[in-house]
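Work through the exercises below with the coordinates open. Try each task before reading its solution.

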Amino acid sequence: MSGHSKWATIKHAKGAADAKRGQMFTKLIKEISIAARMGGGSLDGNPRLRTAILKARGANMPKDNIDRAIKKGTGELEGVNYEELVYEAYAPGGVAIFIEVLTDNKNRAAADIRNILTRAGGQLATSGSVSRLFKRQGVITMDGEKYTEDAVMEVALEGGAEDVSLMEGIIEVTSAPEDFESVMNALQTKEFETMSAQVSMVAEAEVTLDNDGTAKVLKLIDKLEENDDVQNVYTNIAIPDGFDAGA
């Protein structure tokens with residue numbers, strides 16, 4: 001896989017996220033609520049809640065939304081009880097897809113995901129067959145036209161980051177999952193604004209398809225992400241240089 005395909009993938013994901021910001025906030029609220037429900041509303045004793053809030057801040061979610069989500073989770077405000085599920089699947093072309101779900105109806109979620117996959121020519125995979133292709137990694141992206149790579153690197157590495165890269169106008173900071181919080185806090189202390197920030201499932205190796213195959217897989221991923229029960233979708237597809245979704 002070329003470096004360019006990696007950055008094309010990041011830019012495509014950012015564009016999709018920008019277009020779905022309202023829906024993304026809804027998913028982040030669910031994530032914060034379940035973290036607060038499971039571990040309480042105190043940040044000191046709930047690392048999962050801290051991570052969820054950092055992700056929300058990375059997406060520039062207003063503080064009021066975050067506070068309401070915590071109160072829904074702790075029961076101070078009326079909320080919904082969600083169940084966590086994971087689905088592993090393959091898209092056409094052998095592309096692996098790892099799907100994280102937060103739902104109040106697991107039967108509905110299972111039926112919807114199976115239907116979306118089937119219509120797109122994909123299929124569910126056996127447990128572990130897809131997850132082994134990914135590793136958990138903290139990933140923070142920033143606007144490379146707003147900040148210099150050197151400025152970000154100085155702060156990020158001091159916070160515990162593993163690597164800082166710049167290509168095609170995007171700065172990517174990566175870290176071990178356990179260091180994500182300290183890296184994010186270091187960047188926020190210096191008032192760096194992030195485009196996205198989360199502990200992601202990052203593919204160990206990626207699959208590149210032709211233009212038509214790439215378009216079909218991206219359409220499948222969009223359909224999954226549009227589902228209200230789907231929280232995160234991770235894939236090992238690499239978008240090829242010069243990819244045109246309309247071609």
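The exercises that follow use a predicted model.

**Exercise 1. Find the strand order of the open sheet formed by 4 strands, and name its edge strands.**

Solution. 
- Step 1. Trace the pairing. The order is S5-S6-S4-S7, and the pairing is antiparallel.
- Step 2. Look for strands that pair on one side only. These are S5 (163-167) and S7 (196-203), the edge strands.
- Step 3. Neighbouring strands are turned by 30° against each other on average, direction ignored.
- Step 4. Zoom in on one pair. S5 and S6 (residues 170-175) run antiparallel and are joined by 5 bridges. Within S6, threonine 174 is the bridge partner of aspartate 163.
- Step 5. H7 (residues 180-189) lies across S4 (134-143), S6 and S7. Its angle to S4 is about 5°.

**Exercise 2. Determine which residues of helix H6 (residues 149-159) are buried, and where they sit around the axis.**

Solution. 
- Step 1. Apply the cut-off: buried means under 20% relative accessible area. Val152, Val155, Ala156 and Gly159 are buried.
- Step 2. Take their directions from the axis. The four cover an arc of only 95°, so they lie on the same side of H6.
- Step 3. Turn to the other side of H6. Asp150, Glu154 and Glu158 are exposed there.
- Step 4. Identify the packing partners. The buried residues of H6 pack against S4, S5, S6 and H7.
- Step 5. Follow the chain onward. Glycine 160 comes after H6, and its phi is positive, near 110°.

**Exercise 3. Which residues touch the most other members of the largest nonpolar core?**

Solution. 
- Step 1. Take the 24 residues of this core. Ile99, Val101, Ile113 and Leu224 touch the most other members.
- Step 2. S1 (83-91), S2 (95-103), H5 (106-119), H8 (211-226) and S8 (230-235) each give two or more residues.
- Step 3. Inspect valine 101. Leaving out residues up to four places away in sequence, its contacts include Leu85, Tyr87, Ala109, Ile113 and Val230.
- Step 4. Look for a separate core. Another one has 19 residues, among them Leu54, Ile171, Ala186 and Phe192.

**Exercise 4. Is threonine 118 buried or exposed?**

Solution. 
- Step 1. Locate the residue. Threonine 118 lies in helix H5.
- Step 2. Compare with the cut-off. Exposed means over 50%. Threonine 118 has 53% relative accessibility, so this residue counts as exposed.
- Step 3. Check its side chain. One of its polar atoms lies 2.8 Å from the backbone oxygen of arginine 114.

How values were computed:
Residues are numbered from 1 along each chain as its sequence is written. This is a predicted model: local features need pLDDT of at least 70, side-chain atom pairs count only at pLDDT 80 or more; totals for chains, interfaces and linings use all residues. Side-chain values use heavy atoms; hydrogens and water are left out. Two strands pair if DSSP finds at least two bridges between them. Axes are lines fitted to C-alpha atoms, for helices over the stretch in contact, and angles run from 0 to 180 degrees between N-to-C directions. Contact means heavy atoms within 4.5 Å. A nonpolar core is a set of buried Ala, Val, Leu, Ile, Met, Phe, Trp, Tyr and Cys residues joined through side-chain atoms within 4.5 Å. Buried means under 20% relative accessible area, exposed over 50%, partly exposed in between (1.4 Å probe, protein chains only). A polar contact is a pair of N or O atoms within 3.5 Å; within protein, one must be able to donate a hydrogen and the other to accept it, and residues adjacent in sequence count only if both atoms are side-chain atoms. The arc is that of the directions from the helix axis to the C-beta atoms.
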